[in-house]
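The sequence and the coordinates come first.

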There are 2 protein chains.
Amino acid sequence: MTSGAARRPRGEATRAALIAAALTIVERDGIAAATTRQIADEAGVPLGTVHYWFASKDDLLREVAAQLLTQVRADATRAESPATVSERLATVFETYTAMDAGRQLALFELTTHSVRDDGLAGLAREQYDTYRAAAREAIEPWANEVDAQLAGGSSALAALLVAVMDGVTLAALADPESPAPAEALRLFAGLLENAGIR
Amino acid sequence: MTSGAARRPRGEATRAALIAAALTIVERDGIAAATTRQIADEAGVPLGTVHYWFASKDDLLREVAAQLLTQVRADATRAESPATVSERLATVFETYTAMDAGRQLALFELTTHSVRDDGLAGLAREQYDTYRAAAREAIEPWANEVDAQLAGGSSALAALLVAVMDGVTLAALADPESPAPAEALRLFAGLLENAGIR
DNA sequence: AGCTTATCTGGTCATGCGTCCAAGTCAAGT
DNA sequence: ACTTGACTTGGACGCATGACCAGATAAGCT
């Protein structure tokens, strides 16, 4: 990460490093552990630098959240298009579970934190808008089929997919040993096929 | 002369009051806001009392979690038995949404907090065991039907119900204006009926 | 009565927090 | 060569935090 860019204002690199460091800590240790000191330490810069580049800690947090959502979008579009919905569901699930557990937790923490804290208002909504958009895009190939056969159409299905993935992920985080999340997901795929979606 | 007002020792009542106060704060302002001082203040006792009754803040937190789970169990069993699964689903959803938003958030915070913090290890697992048990109990009347028709049986259905409710609830918290959560739930009920569960 | 034990209380401790600032550094522009 | 302005730095500020303690008080027992 130290590679050149000598022509550009060096400062921006520091700013980016701080965001990256904050992201690392949020994923590894949680939002609560992301203090200004820890972040500065992780980035290898003195404490004072943090407040030169960010007016407040919440400002930094907002940038971290934006980066997190960008990664979610990237992960969502990266998955290829399998033949059937249940295969698609399986790959999406794999993408989720392959994702670092810390990042999964961070996304949940981000939601609750945003709902509680006025300083981060609206962030949770953007987060779930992003989720639903990604899901809608993922089922795009079956859109016509779904719209014809399912109440609420592909929009409702996208929302349901997000809900199921969220619930399954959270349950898997809470109890990694339990087979319940995987079973639930398999059942859900069966229900979809039952409804004529494949 | 120190201010008189010699109060009589209340014993265990003080302990219970502290747990109740902590619960109030956790639901109203979040786990992060539940500091020992805030709790003592809410309970109307001096700060020192907190550490007389609880060895550490985590100890108090554990009691709060236990109380929270007890309430969840009570809410789950309180609901009456409707005629069909989709009606049952609707009443469960109402129970969830009727629940204070603060409490819903608190339960999610509890999960993430427990997974992150070694001091509260195992709590999240107990939480989701409780959820699944409640769900299994809720669909008990249809157990035979479900076991015969659905892959994974009523155990898998219970897990899926929990996942859907969790996901839908979280989405509703993140964006109270959006109709997506309700749509998703309606679609899910339709999928169940499609599978022959009523 | 005195003695013992449980409960309560105000104050103190070290630590960590977000924020701020005055002085320092250094490359680019004149 | 000198000024400018972006960038960096170490230290400081006031406040909140979890934990702890020695002394005060009340209740129960002999």
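## Surface near DNA strand C

The residues of the surface near DNA strand C comprise seven nonpolar, 10 polar and four charged. In this classification Ala, Val, Leu, Ile, Met, Phe, Trp, Tyr, Cys and Pro are nonpolar, Asp, Glu, Lys and Arg are charged, and the others, Gly among them, are polar. The model is a predicted one; local features need pLDDT of at least 70 and side-chain atom pairs count only at pLDDT 80 or more, while totals for chains, interfaces and linings use all residues. Residues are numbered from 1 along each chain as its sequence is written, and chains are lettered from A and ligands numbered from 1 in the order in which they are written.

In total, 21 residues surround DNA strand C, and the closest are A:Thr35, A:Thr36, A:Ser56, B:Pro9 and B:Gly48. Two or more residues each are given to this surface by helix 2 (36-43) and helix 3 (47-53) of chain A and by helix 3 (47-53) of chain B. A residue is near the strand if its C-beta atom, placed from the backbone, lies within 6 Å of it.

## Fold of chain A

Chain A has 10 helices and zero strands. Helices (H or I, at least four residues) and strands (E, at least two) are DSSP runs, numbered from the N terminus. The C-alpha atoms of chain A fill a box of roughly 60 × 40 × 30 Å along the principal axes.

Of the 198 residues of chain A, 40% are buried. Here buried means 20 or more other C-beta atoms within 10 Å of the residue's own, exposed means 12 or fewer, and partly exposed lies in between, with C-beta atoms placed from the backbone. A:Pro46, in the loop between helix 2 and helix 3 of chain A, counts as exposed because it has 10 C-beta neighbours inside 10 Å. B:Asp59 is placed in helix 4 (residues 57-78) of chain B, and counts as partly exposed because it has 13 such neighbours inside 10 Å. B:Asp59 and B:Gly119 are 60 residues apart in sequence, yet 9.0 Å apart from C-alpha to C-alpha.

## Chain A against chain B

Between the chains, 44 residues of chain A are in contact with 44 residues of chain B, a contact being two C-beta atoms, placed from the backbone, within 7 Å.

The same surface serves both copies, as 100% of the contact residues of chain A recur in chain B.

## Nonpolar core

The largest nonpolar core has 122 residues, of which A:Ala22, A:Leu160, A:Ala184, B:Ala22, B:Leu160 and B:Ala184 touch the most other members. Such a core is a set of buried Ala, Val, Leu, Ile, Met, Phe, Trp, Tyr and Cys residues joined through C-beta atoms within 7 Å. Beyond its neighbours within four places in sequence, B:Leu160 is in contact with A:Ala184, A:Leu187 and A:Phe188.

## Confidence

The mean pLDDT (the predictor's confidence in each residue, from 0 to 100) of chain A is 89, and 92% of its residues reach 70 or more. Residues 1-8 of chain A stay under 50 and have one contact beyond four places in sequence.
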